[in-house]
Amino acid sequence: MPKPIVDVAIAILIHRGKILVGWRGEQQHQGGKHEFPGGKVEQDETPEEACRREIYEEVGIGLKEWHQFDYIHHEYDDIIVNLHLFHSYVPDELLNLIHQPWAWYTRDQLVKLNFPKANKDIIKRLYWPHFIKINSTLALAENEDTLVYWRSEKDSFNPEDIEKLALLNTEQLSKLIINIDIWRKLKPELKSHIKTVHLKQSQLMSSHKGDLEVGVRFIAACHDAVSLQQAQQIGCDAVFVSPVKVTETHPEARALGWDRFADLIEKCQIPVFALGGMSPDDLATAQQHGAYGLAGIRNF
């Protein structure tokens with residue numbers, strides 16, 4: 001007998017980098033586990049319409065702007081689910097309208113919660129390591145809590161570089177970040193294993209909502225409030241904000257300093273990585289000023 005197939009719309013609701021999570025009742029499918037808000041897609045509605053409706057009914061707030069986040073097909077022992085995921089930002093003025101018992105969790109806390117198996121890839125995407133090492137050579141970080149942005153000075157890899165990529169295993173590839181222009185040139189199989197893609201500020205500012213590929217994590221370079229707003233409007237997952245301090249590579253660039261950095265990112269809804277003159281020892285200071293993590297070159 002074939003398993004029933006259910007289409008479900010799920011919302012990743014974000015406020016100042018935290019994610020809204022609830023708890024499934026024991027009588028529900030996959031009961032007794034944490035869950036993101038959402039519900040079944042009805043016959044005469046699109047997944048996005050279902051997501052908007054479910055959030056109004058379950059959470060108690062109406063949100064207009066949604067971004068496609070991912071699509072997951074998962075087969076349980078008793079049922080097949082098609083998860084249509086969307087994300088949206090919750091402004092301050094709606095916080096008091098949210099129904100109980102929904103609660104906000106940091107991304108570090110998400111990995112410790114008990115979600116259904118179909119949500120495994122969602123958690124992997126939402127959690128960011130706190131360090132990003134920027135390198136012009138393919139040198140993977142030994143620290144598990146570190147991603148590596150493999151940045152080519154000429155923004156183009158030669159055949160030898162592609163061969164090096166092909167030698168990496170799936171886990172190693174998942175910890176790499178490469179620029180979108182190079183990522184687009186990769187063969188589909190290799191491309192699919194790169195989980196995080198970088199946008200320069202110029203690439204960011206020329207992009208529009210709907211341009212980013214669904215299911216891929218994007219991090220953009222930002223240097224001012226306009227680019228920071230643009231990153232959120234088109235649905236980026238995180239941003240670099242720089243330069244916090246004067247750097248050897250760009251000594252002419254005016255450093256933000258920690259106070260201006262904090263003012264700039266105060267209302268940012270997505271994780272911010274402080275960049276520019278950073279060393280791993282700056283993490284506590286960066287987080288005190290609103291950053292999620294750090295990125296660096298020489299000191300990393």
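Author: In this predicted model, the largest pocket is lined by 34 residues, and those nearest its centre are Asp121, Lys124, Arg125, Ser174 and Lys195. Its volume is about 980 Å³.

Reader: What makes a residue part of the lining of the largest pocket, and which helices and strands supply at least two residues of it?

Author: A lining residue has an atom within 4 Å of a point of the pocket. Strand S5 (67-75) and the helices H3 (120-126), H5 (170-174) and H7 (188-193) each supply at least two such residues, and H3 gives the largest share, with five residues.

Reader: How do the lining residues divide into nonpolar, polar and charged?

Author: There are 14 nonpolar, five polar and 15 charged residues in that lining, where Asp, Glu, Lys and Arg are the ones that count as charged.

Reader: How do you know that the length of helix H1 agrees with its number of residues?

Author: Helix H1 (residues 47-59) has 13 residues, which at 1.5 Å a residue should span 18 Å, and because its end C-alpha atoms lie 17 Å apart, the two values agree.

Reader: Which residues of H1 are called buried, and why are they said to line one face?

Author: Buried means under 20% relative accessible area, and in H1 the residues that are buried are Ala50, Cys51, Glu54, Ile55 and Val59. Seen down the axis of H1, these residues fall within an arc of 130°, so they line one face of the helix. Their cover includes the strands S1 (5-15), S2 (18-23), S4 (38-40) and S6 (80-89).

Technical notes. Residues numbered from 1 in each chain as written. Predicted model: local features only at pLDDT ≥ 70, side-chain atom pairs only at ≥ 80, totals over all residues. Heavy atoms only, no water. 1 Å grid on protein atoms, 1.4 Å probe; cavity = no way out; pocket = protein on both sides within 12 Å on 5 of 7 lines; lining within 4 Å. Points joined across faces, edges and corners; volume = space filled by probe spheres on them. Helix = DSSP H or I, 4+ residues; strand = E, 2+ residues; numbered from the N terminus. Expected span 1.5 Å × (residues − 1). Buried < 20%, exposed > 50% of the residue type's maximum accessible area, 1.4 Å probe, protein only. Arc of directions from axis to C-beta. Contact = heavy atoms within 4.5 Å.
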